[in-house]
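Please look over the structure below before reading the report. The text covers a sheet, the helices against it and some aromatic contacts.

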Amino acid sequence: MKLLVTGGAGFIGSAVVRHIITNTQDTVVNVDKLTYAGNLESLADVSSSDRYFFEQVDICNKAELVRVFKHYQPDRIMHLAAESHVDRSIDGPSAFIETNIIGTYNLLEIAKDYWKSLDETRQSNFRFHHISTDEVYGDLEGPGDLFTEETPYAPSSPYSASKASSDHLVRAWRRTYGLPTLVTNCSNNYGPYHFPEKLIPLVILNALEGKPLPVYGKGNQIRDWLFVEDHARALYKVVTEGRVGETYNIGGHNEKQNIEVVTIICELLNEMRAPADNGLYIESYKELITFVEDRPGHDIRYAIDASKIKRELGWVPEETFESGIRKTVLWYLDNLTWAHRVQDGSYQRGAPQYSPTEKAQDVYEGHHSRRG
């Protein structure tokens with residue numbers, strides 16, 4: 001197959017592209033605007049493949065999207081391009097409305113016209129897979145409650161409201177025009193190549209630099225954590241085997257309070273790269289934890305019921321939070337050059353691509369012997 005992946009240079013999108021190129025014989029056309037969150041260096045290990053193509057295109061640009069569809073003739077669409085940071089959506093919601101709603105509308109319209117132009121066989125095999133978030137469901141009340149595919153939408157932030165809007169558009173294009181769509185809603189992702197403004201990489205990198213580790217409120221917000229490579233496997237399962245018109249929730253079965261997550265990272269760093277080894281005059285990275293004022297409209301608990309995708313498609317996460325977070329911390333220690341290039345912005349200035357197989361020079365001596 002030829003898969004067109006929007007947002008393929010982002011965190012989840014790049015994991016999807018790497019998974020497809022590495023583990024299948026399919027071709028990928030990566031369409032990405034390359035905003036601050038898009039990083040081609042996250043694709044350095046697969047970008048030389050003759051089954052990988054990149055187009056720097058904004059999904060709000062109809063003419064360019066039409067050109068891409070006409071040139072590449074994709075068999076299936078995986079739509080991941082989105083503005084996704086809640087804090088940024090609170091400070092400036094307009095980009096979220098433009099990309100997540102208008103951009104999705106453009107993509108749906110062009111995909112619909114393209115799909116109608118195909119012959120009967122290709123029409124029947126075509127799929128439009130829209131990747132969304134569990135944040136569209138809002139907040140869970142009871143401690144035993146879970147988000148299911150039938151949970152009513154109740155978004156709390158401009159980000160989640162814009163994603164909810166895009167979900168509704170996708171389902172409307174299925175109902176009204178017959179476009180063969182699928183929707184997935186996932187829990188919080190983490191893992192390699194995560195942009196450093198997000199909680200887990202921010203804590204890792206701040207700790208190594210001896211900076212405060214900011215935790216909103218009391219840190220009692222609960223999230224269901226999903227390792228990004230598990231998510232990539234799930235998304236490929238859905239786009240290749242999922243039933244048209246269905247929604248699948250994807251979760252990691254790993255509920256943790258934010259303060260637990262931060263504490264676990266500190267303990268792993270204490271083990272792998274002690275503060276003294278990093279030139280810090282503290283006994284534990286936990287001394288850097290700093291509680292800050294909670295953000296507006298902060299949901300307390302998200303948790304996914306992922307039984308449908310297990311039952312229908314046989315997908316279950318391979319990583320526990322304990323195994324996944326250990327892999328994640330090790331990856332950042334081994335790839336500090338990638339992280340620092342994101343932090344200083346040099347990844348956006350056309351510098352030579354950094355290969356993540358090249359280990360960062362500043363990983364302290366003896367670290368590799370402690371992998372266990």
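The report starts with the sheet and then turns to the rings.

This is a predicted model, in which local features need pLDDT of at least 70 and side-chain atom pairs count only at pLDDT 80 or more, while totals for chains, interfaces and linings use all residues. Residues are numbered from 1 along each chain as its sequence is written, and side-chain values use heavy atoms, without hydrogens and water.

Seven strands make an open sheet with parallel pairing, in the order 3-2-1-4-5-6-10. Strands are DSSP runs of E with at least two residues, and helices are runs of H or I with at least four, numbered from the N terminus. Two strands pair if DSSP finds at least two bridges between them. Strand 1 (residues 2-6) and strand 4 (residues 76-79) are joined by four bridges, and Leu3 stands opposite Arg76 in strand 4.

Helix 6 (residues 158-177) lies across strand 5, strand 6 and strand 10; contact means heavy atoms within 4.5 Å. This helix runs at about 155 degrees to strand 5, where axes are lines fitted to C-alpha atoms (for helices over the stretch in contact) and angles run from 0 to 180 degrees between N-to-C directions.

A charge sits over a ring if NZ of Lys or CZ of Arg is within 6 Å of the ring centre and within 35 degrees of the ring normal.

| Lysine | Ring | Distance from ring centre |
|---|---|---|
| Lys112 | Tyr177 | 4.2 Å |
| Lys308 | Tyr248 | 5.0 Å |

Tyr36 and Phe195 are both buried (under 20% relative accessible area; exposed is over 50%, partly exposed in between; 1.4 Å probe, protein chains only).
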